[in-house]
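Thanks, everyone. Let's look at one model together, and I'll keep this brisk.

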Amino acid sequence: MTHEQIRQMIRGANPVKDPRLLEPVATSDLTIEFEERMHMQTDDRPSVDSGKTRGRGPIVAIAAAVAVLAGGVIFYLATRDDTPVATPAPNATELNQLAEYEPIDAGAYYTDADGDGPSTARGTFVIVEGWSSLIAGAMKDSTEGASYVSLLIGEVDELASPGCHNTEWVAAGPSAEAVAGQLATATGLTISDAVTPVTAFGQEGYHLMAEVPEEGHVAPEGFPGCEGDGEFDGWTTANWGNRYYQFPGQRLEFWVLDVEGAGGPILVEATIGPESVEADEEELQAAIDTLVITP
Amino acid sequence: MSWPADHRSRFDLIWRSHRLEVLAYCVRRVSAVDAEDACAETFLVAWRRIDAVPAPPDTRLWLYGTARRVLANQWRSVSRRSRLDEKLRSIGMSPVPDHAVLVVQRAEDREVLEAVRALAAKDREIVLLDAWEELSREEIASTMGMTRAAVDQRIHRAYKRLARMLEPRLMTAVSPPVAEEGGT
């Protein structure tokens, strides 16, 4: 089922396919229902021209249009939405230069994707109060451990194949599509959303979602059942350490992007811990909403 | 079309040009009673903040964004609801028994709308602005106060999630009875 097919199905379920159909009911005799309401407003009311209601005054005109509403379809969608909305800022701070796991102020930050200086692609995003720095991103942990959320951006160099048991580090890519395929098939992660092409953060690439499996995990230690360092390994960049996963049930969202001028595909990873707090997830999503990848 | 300097003329232009679009926007999202409140409030906000309303082609997007915030903070009057319900009956429309109830014509539509309703609030709104208001990605970004990239990312993920939800439901809904097979 393609996205366009889904879109057409939603369009087919549109309760008001043509707003002009509302014109007759917008001028019906239910106007009086709202005159009382409008009279409670100030006397400084606007003048409007609405056809049939001309001459009955601005209150009538407004009220007539909103008085009677057509349609046999009622779809309740009104929900309070207090998600913080951040906006990009030009004076971003480089996260890689800050001490890891230290609290950082609200504001705009960027990661130098492969850590090799000014030639690399950058991922810039805005976070609110309460986050901490990581080498290639930032994290928020309202309680401890399994609740954390994070956003990482890096030029992917190697991938663990698989992440647990007889792990080998294999070269990533070279294309974004190849890396996405490796993440889906070689890492041992449980794929919850298959690889699909995507345009994200101003770049072209591929998207998939995954979860860290139970295999090898022993509470509370982590993954001692995995050989080597006792970690469920993920991926690396050339200039900083490997990304590993701490908890089964961690939800991972990946965007693998081909960015002009970068040495390899840029990997964006959003992580949601299995015990994460909803407010933190909203802050993570707000940060993702501001993320821009630039060559 | 020029953008009048005079406030009343400007509001009149906004009203004539966009009242049905805003009304449709509200009707698509909430019950009739809530929609009428929201639409009226949206235009009252436009009047009070007439200098903040952008000239075309952004006027409609500003009104959608205002209506979205109004709907998110809506207060409903039970007494007025009952009066309007009565009048809706008189013109052959069913009043809403409950705001959480979907009243739809076709089973497929119901499945689709239930899936859309299961999306996160912002993702849902973006999908509806795309599919129902037929806004471009740039227009959605403007209405939602997001970057174009954020809209791309959210809309991609939302449609993927909808596909995952709808495929099994619709397969079940349209599959003919399967004849029992004998062993071989």
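Start with B:Thr42. Its relative accessibility is 0%, so B:Thr42 counts as buried. Buried means under 20% relative accessible area, exposed means over 50%, and partly exposed lies in between, with a 1.4 Å probe and protein chains only. B:Thr42 sits in helix 2 of chain B, residues 32-48. Helices here are DSSP runs of H or I with at least four residues, strands are runs of E with at least two, and both are numbered from the N terminus.

What does B:Thr42 touch, leaving aside neighbours within four places in sequence? B:Val22, B:Leu63, B:Thr66, B:Ala67 and B:Val70. Contact means heavy atoms within 4.5 Å.

Now the ground rules. This is a predicted model, where local features need pLDDT of at least 70 and side-chain atom pairs count only at pLDDT 80 or more, while totals for chains, interfaces and linings use all residues. Residues are numbered from 1 along each chain as its sequence is written, chains are lettered from A and ligands numbered from 1 in the order written, and side-chain values use heavy atoms, with hydrogens and water left out.

On to confidence. The model scores ipTM 0.78 and pTM 0.52. Chain B has a mean pLDDT of 75, and 72% of its residues reach 70 or more. pLDDT is the predictor's confidence in each residue, from 0 to 100. Over residues 75-105 of chain B, pLDDT stays under 50, yet the model has 56 contacts beyond four places in sequence for them. Over residues 174-184 of chain B, pLDDT also stays under 50, and the model has zero such contacts.

Chain B as a whole, then. It has eight helices and zero strands. Along the sequence the pattern reads α-α-α-α-α-α-α-α. Of its 184 residues, 56% count as buried. Take contacts in chain B between residues at least 6 apart in sequence: 63% of them join residues at least 24 apart. Chain B exposes about 8200 Å², and carbon and sulfur atoms supply 51% of that. Accessible areas come from the Shrake-Rupley method with a 1.4 Å probe, and for residues only the protein chains shown count as cover.

Next, helix 6 of chain B, residues 121-131. Why is it called largely enclosed by the rest of the structure? Because 10 of its 11 residues are buried. Beyond four places in sequence, B:Asp130 is in contact with B:Leu135, B:Ile140, B:Ile155 and B:Tyr159, and with A:Arg7 from chain A.

That takes us across to chain A. A:Arg7 is one of the buried residues of helix 1 of chain A, residues 3-12, along with A:Ile6, A:Met9 and A:Ile10. Down the axis of helix 1 of chain A, those buried residues fall within an arc of 160 degrees, so they line one face of the helix. The arc is that of the directions from the helix axis to the C-beta atoms.

Chain A has six helices and 15 strands. Of its 295 residues, 53% count as buried.

Last, some strands of chain A. Strand 7, residues 158-161, runs antiparallel to strand 8, residues 168-171, with four bridges. Two strands pair if DSSP finds at least two bridges between them. A:Ala160 has A:Trp169 as its bridge partner in strand 8. The two strands form a hairpin with six residues between them, and A:His165 in the turn has a positive phi of about 75 degrees.

Strand 7 of chain A also pairs with strand 11 of chain A, antiparallel, over two bridges. There, A:Leu159 stands opposite A:Trp235. Strand 11, residues 232-236, is mostly covered: five of its five residues are buried. Strand 11 of chain A pairs antiparallel with strand 12, residues 243-245, over three bridges. A:Asp233 has A:Tyr244 as its partner in strand 12.
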